[in-house]
Amino acid sequence: VLDLGVPSDATVTTAKLANDAVTNAKVNDDLISGATALASEPADTDEFLVSDAGTLKRIDYSLIKASPAIELLSTVDITSSTAQAEFDGLFSSTYKNYKVIISGLLPVNNSARLQAQMKEGGSYIVSGAYSYLIGADIVYNTTSSSSTNIEAQANYDRFRLTSEMTNTTSETNSLEITIYDPLGSHYKAMTWHNSNYGSALTNLHRNYVGSGIMRNGTGDATAIRFYLDSGNIVKGNFKLYGIK
């Protein structure tokens, strides 16, 4: 039966439309551009329309967003006297290697050095397993003269990451540390780079590079902690990143 006549404005409801009756030709081109703009990155549960072999389906943004190759996993921000900064239980199969960035590091005690230990088999290894080598180019800012320095230790109870640090508030220390495959079935290795203001002489600036191996066992290393050989950390920002 053909109904004759013109319906009044705004009287045609969706119930009067057959399923699949509205085609592309009946949809205005500003269907998307005419909508309110999203001014930030979509949330994981925000939805998009896609054509799956000709069938419209929705998909969450979490399934199509780019997965970062490097991802921030944890931050420890020390602003008052604290014994250590620790990252525990954050190594996983999601990431192969890890990066720790330390900035604004300042000891309570003058001449303190930054140390590190790793956890294996549920406990921190505290004796006889660490070998490290650190070497520095040193410049004396008051004279612009320079020299070199090398330190090494085998079968030690920790990694030593820096030489003596000053506790002068304007002369903080910075480190970039790479931890290689802590869940691998092998000895655990780290390398690092340290910009260090030393306490031995005024304006003593060291550029340190270091390498260390923990030769304890081949089980998973599940944590790492940073602390000083003398006194507490008064200030420092520690960030752990996972690298795929």
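Strand 11 (residues 173-180) and strand 12 (residues 188-198) run antiparallel and pair over seven bridges. Pairing here takes at least two DSSP bridges between the strands, and strands are DSSP runs (E, at least two residues) numbered from the N terminus. Across this pair, Ser-174 sits opposite Ser-195 in strand 12.

A quick word on the model: it is predicted, so local features need pLDDT of at least 70 and side-chain atom pairs count only at pLDDT 80 or more, while totals for chains, interfaces and linings use all residues. Residues are numbered from 1 along each chain as its sequence is written, and side-chain values use heavy atoms, with hydrogens and water left out.

- Eight strands make up an open sheet with antiparallel pairing, in the order 3-15-5-11-12-13-8-9.
- Strand 3 (70-78) and strand 9 (145-156) are the edges; each has a single partner strand, so one side of each has no neighbour in the sheet.
- From one strand to the next, the twist averages 10 degrees, taken between lines fitted to C-alpha atoms, with angles from 0 to 180 degrees between N-to-C directions.

**The hairpin**
- Strand 1 (residues 47-52) and strand 2 (residues 55-60) are antiparallel, joined by six bridges.
- Leu-49 faces Arg-58 in strand 2.
- Two residues separate the strands of this hairpin, and Ala-53 in the turn has a positive phi of about 55 degrees.

**Leu-90**
- Look for Leu-90 in the loop between strand 4 (84-88) and strand 5 (97-107).
- Its relative accessibility is 28%, so Leu-90 counts as partly exposed (buried is under 20%, exposed over 50%, partly exposed in between; 1.4 Å probe, protein chains only).
- Leaving out residues up to four places away in sequence, Leu-90 touches Leu-73, Ser-74, Tyr-98, Thr-222 and Leu-240, with contact meaning heavy atoms within 4.5 Å.
- Leu-90 and Leu-240 are 150 residues apart in sequence, with 8.8 Å from C-alpha to C-alpha.

Note on methods. Helices (H or I, at least four residues) and strands (E, at least two) are DSSP runs, numbered from the N terminus.
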